[in-house]
Amino acid sequence: MNRLEGRTAIVTGASANIGGVLAHGLAAEGARVVCTDLVQTVAEATAASIIAAGGEAFAVAGDVTDSAHAEDVVRQATERWGRVDILVNNAMMFNNKGVMTMPVDEFRRQVDICLTGALVFTRAAAGAMIEGGRGGSIVNVLSTAAWQGQAGNIGYSTAKSGLINFTRSAAMELATHDIRVNGFTPTATQPEDPAMEAMLRGAKSPDNQYSNDFYGQMPMNRLPTPGDYVPSVVFLASDDSAMITGTNITVDGGATAKYWPWVPHP
């Protein structure tokens, strides 16, 4: 496949889970990918695996909230490949605390990573896209927690919800430059690591006031995998979505469509 042949993509939070798989998916369609993460070894591992699969990639580590880091990533991309065409704002941190238990500094940090990170990377990437005169595509990774009130996850839910209107606002501002900005909504995702799956299943607990039955309440018969997300993100990054901006694609097995009291049955 070559829908993204000759294009340069930047993926923030390019860890082995969703971000890394999306980076691989873009590379498989011909994009050259800059993998960024706070942890150098994480970014390098994703870039190395793309190269091993026959793609082009390199890694840059840094704090997603640092505008100098965002500008450096874009500079390195343009110096090496001459252009920036795609940005996937995926960086986030997990910190499952509620209104009564979330320390203010931790709340600020979680929101900062999601929203300030999206701002500085969008601004840096859009600047290069405008200068290049070819337009581009920016994809903001949301969450079903952006659209529903999740108890015990106040920072994450607040930040991801804010990203919904950040997407709309940025889309309107950048539309005249043929830069499209869209959201992509995943949900609780089936991990490859058995230990992580055990943690996900363990979220259902009668002793936990924030109990979440991710497996039992999913309308479809399984949770999505990171690979299930790739086609939609590639679509949003490609010319196939040339007239789509300021909106969202949801891949959640029906989770946000579910009427709240309904209990799915096998």
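Q: Which elements are included in what covers the buried residues of α3?

A: Note at the outset that this is a predicted model. What covers the buried residues of α3 includes the strands β1 (8–11), β2 (32–37) and β3 (57–61), together with α4 (104–132).

Q: Which residues of α3 are buried?

A: The cut-off for buried is under 20% relative accessible area. In α3 the buried residues are His 69, Ala 70, Val 73, Val 74, Ala 77 and Trp 81.

Q: Where do the buried residues of α3 fall when seen down its axis?

A: The general idea comes from the helical repeat. An α-helix has 3.6 residues a turn, so residues three or four places apart point the same way. Now the case here: the buried residues of α3 fall within an arc of 135° in the view down the axis, so they line one face of the helix. On the other side of α3, Glu 71 and Glu 79 are exposed.

Q: How many residues does helix α3 have, and what distance does it reach from its first C-alpha to its last?

A: Helix α3 covers residues 67–81, which is 15 residues. From first C-alpha to last it reaches 21 Å, close to the 21 Å expected at 1.5 Å a residue.

Q: Let us turn to cavities. How many cavities of 30 Å³ or more does the count come to?

A: A cavity is a space where the probe fits but cannot get out. The count comes to one cavity of 30 Å³ or more. The largest cavity has a volume of about 60 Å³.

Q: Which residues line the largest cavity, and which elements give two or more of them?

A: The lining consists of Thr 12, Val 64, Asn 89, Asn 90, Ala 91, Ile 113, Cys 114, Gly 117, Ala 118, Val 141, Lys 160 and Leu 163. The elements that give two or more residues to this lining are α4 and α5. The largest share, four residues, comes from α4.

Q: By class, what does the lining of the largest cavity have?

A: It has seven nonpolar, four polar and one charged residues.

Q: What volume does the second largest pocket have, and which of its lining residues lie nearest its centre?

A: A pocket, in contrast to a cavity, is an open set of points. The second largest pocket has a volume of about 300 Å³. It is lined by 17 residues, and Gly 135, Gly 136, Asp 178, Arg 180 and Ala 242 lie nearest its centre. Strands β5 (136–141) and β6 (179–185) each supply at least two residues of the lining. By class, the lining of this pocket divides into six nonpolar, four polar and seven charged residues.

Q: What is the phi of Asp 178, and is the residue buried or exposed?

A: Asp 178 has a positive phi of about 60° although it is not a glycine. Asp 178 lies in the loop between α5 and β6. Its relative accessibility is 60%, so Asp 178 counts as exposed.

Q: Where does Ser 241 lie, and which residues is it in contact with beyond its neighbours in sequence?

A: Ser 241 lies in the loop between α7 (226–237) and β7 (248–250). Ser 241 is buried, with a relative accessible area of 0%. Leaving aside neighbours within four places in sequence, Ser 241 is in contact with Arg 180, Phe 235 and Leu 236. Arg 180 is also among the residues nearest the centre of the second largest pocket.

Q: Why does Thr 187 count as buried?

A: The cut-off of under 20% decides this. Thr 187 has 13% relative accessibility and therefore counts as buried. Its place is in the loop between β6 and α6 (194–201). Not counting residues up to four places away in sequence, Thr 187 touches Thr 144, Met 218, Pro 224, Tyr 229, Val 251, Asp 252 and Ala 255.

Q: Why does Lys 97 count as partly exposed?

A: Lys 97 has 24% relative accessibility, so it counts as partly exposed. Lys 97 lies in the loop between β4 (86–89) and α4. Lys 97 and Ala 151 are 54 residues apart in sequence and 8.5 Å apart in space, C-alpha to C-alpha. Not counting residues up to four places away in sequence, Lys 97 touches Met 102, Pro 103, Glu 106, Gly 152, Asn 153 and Ile 154.

Conventions
Residues numbered from 1 in each chain as written. Predicted model: local features only at pLDDT ≥ 70, side-chain atom pairs only at ≥ 80, totals over all residues. Heavy atoms only, no water. 1 Å grid on protein atoms, 1.4 Å probe; cavity = no way out; pocket = protein on both sides within 12 Å on 5 of 7 lines; lining within 4 Å. Points joined across faces, edges and corners; volume = space filled by probe spheres on them. Nonpolar A, V, L, I, M, F, W, Y, C, P; charged D, E, K, R; others polar. Expected span 1.5 Å × (residues − 1). Buried < 20%, exposed > 50% of the residue type's maximum accessible area, 1.4 Å probe, protein only. Arc of directions from axis to C-beta. Contact = heavy atoms within 4.5 Å.
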